[in-house]
Amino acid sequence: MKIFPKQVDFFEIFDEASDNVNEAASHLVELFTDFSLLDEKIKKIYDLEQKGDTLTHEVMKRLNMTFITPIDREDIHTLAARLDDVLDLIWGAVDRLSVFRIKAGTPQALELAKVLHKTTESIARAMDYLKEKKYSFVSDTCIEINRLENQMDRIFRDALGKLFDDIKDPLMIIKWKEIYEHLEDASDRCEDVANTLESIVLKYA
């Protein structure tokens, strides 16, 4: 069902928004893999965060203009907000690298970024399945997102332990702890996206 005039609908925007989040997570992995050209890599993620804000604003604007929606209005609002949260937290982690003058990554940050990227890839797939009304595939992908979030929790705990064991500078511990927390919080918001998708499936499958 077409909700917006002519060719635009909510699913198309969610498709673009999830791809945008996934692209930001991909650049995050590249950044933690190699800190060369750091300012350029940070700028790429900033631009994607700005694009995400625009897409979120578009969803909210269209939601206020539309009386009949393909799924519950609350679910549309929650999906848009949680996707935006994931992107904001990715940007927050990257912004702190710049503010804290971090010049080299850690293996733990890279591992967190890689798992987060796998999670955003799963979200992008789930959005495709939702658009195609392949509800069983949406459910299977949500299970995978939850599994990755549990994996992220374990890596986060190990990363904190490693941080306190290996780094003697208390300021550097505080800096990396905050970056790790942003990445772990991004994973939590991904799980919120999965929970919302599972709620939609229960209503419409």
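At the start of helix H6, Asp 169 places a side-chain oxygen within 3.0 Å of the backbone nitrogen of Leu 171. The model is predicted.

Helix H4 was examined in the same manner. Its 25 residues should span 36 Å at 1.5 Å a residue, and the end C-alpha atoms lie 37 Å apart, so the two values agree. After H4 comes Lys 133, with a positive phi near 60°.

Helix H1 spans residues 10–33 and includes Asn 20. The relative accessibility of Asn 20 is 1%; because buried means under 20%, Asn 20 counts as buried. Residues up to four places away in sequence aside, Asn 20 touches Leu 48, Lys 51, Gly 52, Leu 55 and Leu 87. Among these partners, Leu 48, Lys 51, Gly 52 and Leu 55 fall within the range of helix H2, residues 38–65.

The mean pLDDT of the protein is 92. A value of 70 or more is reached by 96% of residues. Among the elements, H2 has the lowest mean pLDDT, at 93. H4, covering residues 107–131, has the highest, at 96. Over residues 1–8, by contrast, the pLDDT is below 50. That stretch still has 20 contacts in the model beyond near neighbours in sequence.

Notes: Residues are numbered from 1 along each chain as its sequence is written. This is a predicted model: local features need pLDDT of at least 70, side-chain atom pairs count only at pLDDT 80 or more; totals for chains, interfaces and linings use all residues. Side-chain values use heavy atoms; hydrogens and water are left out. pLDDT is the predictor's confidence in each residue, from 0 to 100. Helices (H or I, at least four residues) and strands (E, at least two) are DSSP runs, numbered from the N terminus. Contact means heavy atoms within 4.5 Å. A polar contact is a pair of N or O atoms within 3.5 Å; within protein, one must be able to donate a hydrogen and the other to accept it, and residues adjacent in sequence count only if both atoms are side-chain atoms. The expected span of a helix is 1.5 Å times one less than its number of residues. Buried means under 20% relative accessible area, exposed over 50%, partly exposed in between (1.4 Å probe, protein chains only).
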